[in-house]
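Here is a short briefing to read with the model open beside you.

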Amino acid sequence: MSVIDLSKVPYPENNLRLFLDEVCEAHELDYAAYAGVNPIAGSVHGFVNYPDEWQTHYVERGYQHKDPALILARRSIAPVDWHGLRSAPAFQTIFRDAHDFGIAEQGLTIPVRGPFGDIGLFSVTRDCPDREWQLLKSKILSDLQGAAVQLHDNVVRSHALTRTLMHPALSKRETEILQWIAAGKSQQDVADILSISSRTVEVHLRSGRTKLGALTTAQAVGRAIGMGLICPD
Amino acid sequence: MILIIDGMNRHRYGRVLDEMFALRARVFGDRLGWEVDIVDGKEVDQFDALDPAYVIGLNDEGRVVSCVRALQTTGPHMLADVFSDILDGEAPLRSATLWESTRFCVDTEVLDRGNSRNSVSYATCELMAASLEYARNSGITDIVTVIDPIMNRVLKRSDCAPYDYVGSTKPMGKVAAMAALLDCTEDRINRIRKFAGIEGNVFVDDATAEALADPTPVAEERAMSCSLGWHEPEKPCRQDQLEQYLIDQLMDASTGEELAGAKRLADMLFDKKMIARRVTEMAGH
């Protein structure tokens, strides 16, 4: 088994640790962490933007083997608020230590499942009162879900075989919607042209972006053109 | 009342899960005539081993009267792997904020007609509202749900008409199946609640959840064990394993389309030098 710290590996398109910083910045969060396993590549990945001292302490104590945010959250399909883990074994030990290093108890873990049995866990923290945390959470959770999958897919695609297997399979609907967007049409225009609801356009666009590993529609259009899936207008 | 059971708490709810699998056997096996595997009167499939989430409706006596299963569309799910016919050969939707819901059913033997809290109509709406709320609270924006035409009519009549469909209606057992899209918006949730007269929190409180759990908790080890492991992989997939996989795919292909797909994948991996032999050489293996 190899453990790869992707933050130290030169990366073609993006720096994943930078991505964590950007997510924190955009969503008023303190820290973010990613841990993932790719059974096809036979690799475990992890990177965080926690203070280095806490990372060292965490690994020295072997907390990755008992941290409920990793062990339990991977079995959920929904984001797991750390509030619900307080009675889990090892929670108190780890979080008492974390507190000493300035890491808040307020956090959540988003489990991501990929097509190959690959699993990613994306965690974020924020030091704030309960009420504020609940408000922040409901505001940013959809975006965090998107970020978690984006990050996980990027990690999975860093391995040659899974990258090949993950070659984006767009449906006819996704392709024609991206084609119209490439032709300069707005989402509402596309809905009118195809006689479907704007919500249908949105759900297919979101799926298209996910398959293409794109954060924005513009990026998705660019990639789809680059891969010859749609034609430049 | 609604209880959510997922991989984190399923070890505590053996009784509730057994009742749910028995309900699914009666509905999908007996009534709808789907090709499902029933063992000991319980309908369980391979997706139940993947730690899905179940949204389960119970009556005041704590008996299971409705249920539905949710999976993420980013990973293995039924439309991608089993119900692909419905999609007319098109790729399934895949999104971080889209869940798939399957095996939606209510117990028509225990529930009655009419509009009381013990009716089919109320139980259906309560389960629907609860699954949309659970999804929305998880940051999910839309659900793609595999249903039969009868359920589709029930949704329309309950002021919860799907905003669209993917693929087309396909025969399945005694009825047909289709994939409908539902948004998890406040608006939709409010409409269903209003239709059925559902007020307040539908989810069980901690004390009730505790009362519904099995009397003797299982050992911690069993609770932690899981098919979807944080099993640290021992080694990467080897070239000979990959070739064997491709050979299996070629041999098992039952349609021209599947065969073409298997060949395409093998060619692609050969071009990328991930395997040493060509498809033709492997086929003669």
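B:Ala80 counts as partly exposed, at 31% relative accessibility. You will find B:Ala80 in helix H2 of chain B, which covers residues 78-81. Between B:Ala80 and B:Asn115 there are 37 Å from C-alpha to C-alpha, while in sequence the two are 35 residues apart. Please keep in mind that this is a predicted model.

**Chain B as a whole**

- Chain B has 10 helices and 9 strands.
- The C-alpha trace of chain B spans about 65 × 45 × 35 Å along its principal axes.
- Chain B has 285 residues, and 52% of them count as buried.

- Side chains of opposite charge can pair when their charged atoms come close.
- Over all chains, the structure holds 34 salt bridges.
- One of the pairs to look at is B:Glu109 with B:Arg26, whose side chains meet in a salt bridge at 3.7 Å, N to O. B:Glu109 lies in the loop between strand S6 (98-106) and helix H3 (120-137) of chain B, and B:Arg26 lies in helix H1 (residues 14-31) of chain B, so this pair ties together parts that are 83 residues apart in sequence.
- B:Glu109 counts as exposed at 62% relative accessibility, whereas B:Arg26 counts as partly exposed at 27%.
- B:Asp107 forms a salt bridge with B:Arg63, and their closest N and O atoms are 3.7 Å apart. This pair links distant parts of the chain, 44 residues apart: B:Asp107 is in the loop between S6 and H3 of chain B, and B:Arg63 is in the loop between strand S4 (53-58) and strand S5 (64-72) of chain B.
- Is B:Asp107 buried or exposed? At 2% relative accessibility, B:Asp107 counts as buried because the cut-off for buried is under 20%.
- B:Lys170 forms a salt bridge with B:Asp88, and here the closest N and O atoms are 2.5 Å apart. Again the pair links distant parts of the chain, 82 residues apart, with B:Lys170 in strand S8 of chain B and B:Asp88 in the loop between H2 and S6 of chain B.
- B:Lys170 is partly exposed, with a relative accessible area of 21%, and B:Asp88 also counts as partly exposed, at 44% relative accessibility.
- Which residues are linked in a network of salt bridges? They are B:Arg24, B:Glu43, B:Asp45, B:Asp48, B:Arg69 and B:Arg103.

**A negative patch on chain B**

- B:Asp248, B:Asp252, B:Glu257 and B:Glu258 form a negative surface patch. Helix H8 (239-252) and helix H9 (256-271) of chain B are the elements that give two or more residues to the negative patch.
- B:Asp252 is found in helix H8 of chain B. With a relative accessible area of 59%, B:Asp252 is exposed.

- In helix H1 of chain A (residues 16-26), the buried residues are A:Leu16, A:Phe19, A:Leu20, A:Val23 and A:Cys24. These residues are on the same side of H1(A) because they cover an arc of only 135° around the axis.
- An α-helix has 3.6 residues a turn, so residues three or four places apart point the same way.
- Which exposed residues does the face of H1(A) turned away from its buried side carry? That face carries A:Glu25 and A:Ala26.

**Positive phi values**

- Most residues other than glycine have a negative phi.
- A:Glu28 is not a glycine, yet its phi is positive, at about 55°. A:Glu28 has its place in the loop between H1 and strand S2 (31-38) of chain A, and is partly exposed, with a relative accessible area of 43%.
- In chain B, B:Asp159 has a positive phi near 60° and is also a residue other than glycine. B:Asp159 is found in the loop between helix H4 (149-157) and strand S8 (164-172) of chain B.
- B:Asp159 is partly exposed, with a relative accessible area of 37%.

Technical notes:
Residues numbered from 1 in each chain as written. Chains lettered and ligands numbered in written order. Predicted model: local features only at pLDDT ≥ 70, side-chain atom pairs only at ≥ 80, totals over all residues. Heavy atoms only, no water. Patch = residues over 30% accessible without salt bridge, like charges linked within 9 Å, V, L, I, M, F, W, Y side chains within 5 Å. Areas by Shrake-Rupley, 256 points an atom, 1.4 Å probe, with all protein chains shown as cover. Salt bridge = Lys/Arg side-chain N within 4 Å of Asp/Glu carboxyl O. Lys, Arg positive; Asp, Glu negative; His and termini not counted. Charge placed at Lys NZ, Arg CZ, Asp CG, Glu CD. Helix = DSSP H or I, 4+ residues; strand = E, 2+ residues; numbered from the N terminus. Buried < 20%, exposed > 50% of the residue type's maximum accessible area, 1.4 Å probe, protein only. Arc of directions from axis to C-beta.
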